[in-house]
Amino acid sequence: MKVNRLIAGAVVAAAALLATACGTGDAAPAAQQVQAATTTTTTTTVAPTTTTTTTTAAPTTTTTTVAPPVTTTTTKKKPPVTTTTTKKPKPSTTAKPAPAPVEGVPCAATASACIDLSANQSWLLKDGKVVLGPVPITHGRAGYRTPVGTFKVGWKDIDHKSREFNDAPMPFSVFFNGGIAFHQGSLKVQSHGCIHLSASAAKAYFNGLSVGDTVQVVA
């Protein structure tokens, strides 16, 4: 813009000089010429060039791969199992022979006292031999039968009384099967399971038998 003003001023000054120097024509035409010259001035405006750069950034794709966990298996070898087989001895199939009965007695030689219920008799034995007997006895009545079998003397009481039967006296009692015992009693009346002996036989049985001795009862 300053250049255009300088050019216009120079043109006006030149026109004024021409008018003064020549001395021909009016001042107006010169002004008009100056004005015309001024009017014909072309102003060129150069628009700044705008360069637009568009940068498109490609999206970045990040792929993360997670490695699977590593499993470590440790196998311990078990020590070998040693099996020892012990052969069990075979049971003996040979049955022990029954003790031989004592001569004249229906019981084995291992018995210390023998009772024969059907004969109403009893014996004292020692080492397979008869010490006393046979002696008469009475045994259990109906409903109180004396059991058959082999038993052991459990205990003795020289002056026993029966709590079950109104304190009935049972002198020289030798118990061999629970409440069943040899003792002094009637040889005419049957008992409640005990073995009745005479007074002398009862004393002999009490003194001759010990706790643990075997008593055998046969039918």
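UniProt positions are given here in the numbering of this model, and annotations may be inferred rather than shown by experiment. I'm working from a predicted model.

**Annotated residues.** I looked up the "active site" annotation in UniProt, and the unreviewed entry puts it on His183 and Cys194. I then checked the largest pocket, and its lining takes in both His183 and Cys194.

**His183.** I found it in strand β7. Is His183 buried or exposed? Its relative accessible area is 6%, and the cut-off for buried is under 20%, so I put it down as buried. Beyond its neighbours within four places in sequence, I listed contacts of His183 that include Met170, Phe172, His196 and Ala202, and Cys194 is also one of them.

**Cys194.** This one sits in the loop between β7 and β8. Cys194 comes out buried too, with a relative accessible area of 9%. Leaving out neighbours within four places in sequence, I noted Thr138, His139, Gly140 and Met170 among the contacts of Cys194, along with His183.

**The sheet.** I traced four strands in an open, mixed sheet, ordered β5-β6-β7-β8. I got an average twist of 30° from one strand to the next.

I also looked at β5 with β6 (residues 168-177): the two pair antiparallel over seven bridges. For Lys161, I found Pro169 as the bridge partner in β6. Helix α3 (residues 199-208) packs on this sheet and touches β5, β6, β7 and β8. I have its direction at about 40° to that of β6.

How values were computed
Residues numbered from 1 in each chain as written. Predicted model: local features only at pLDDT ≥ 70, side-chain atom pairs only at ≥ 80, totals over all residues. Heavy atoms only, no water. Pairing = 2+ DSSP bridges. Axes fitted to C-alpha atoms, helices over the stretch in contact; angles between N-to-C directions. Contact = heavy atoms within 4.5 Å. 1 Å grid on protein atoms, 1.4 Å probe; cavity = no way out; pocket = protein on both sides within 12 Å on 5 of 7 lines; lining within 4 Å. Buried < 20%, exposed > 50% of the residue type's maximum accessible area, 1.4 Å probe, protein only.
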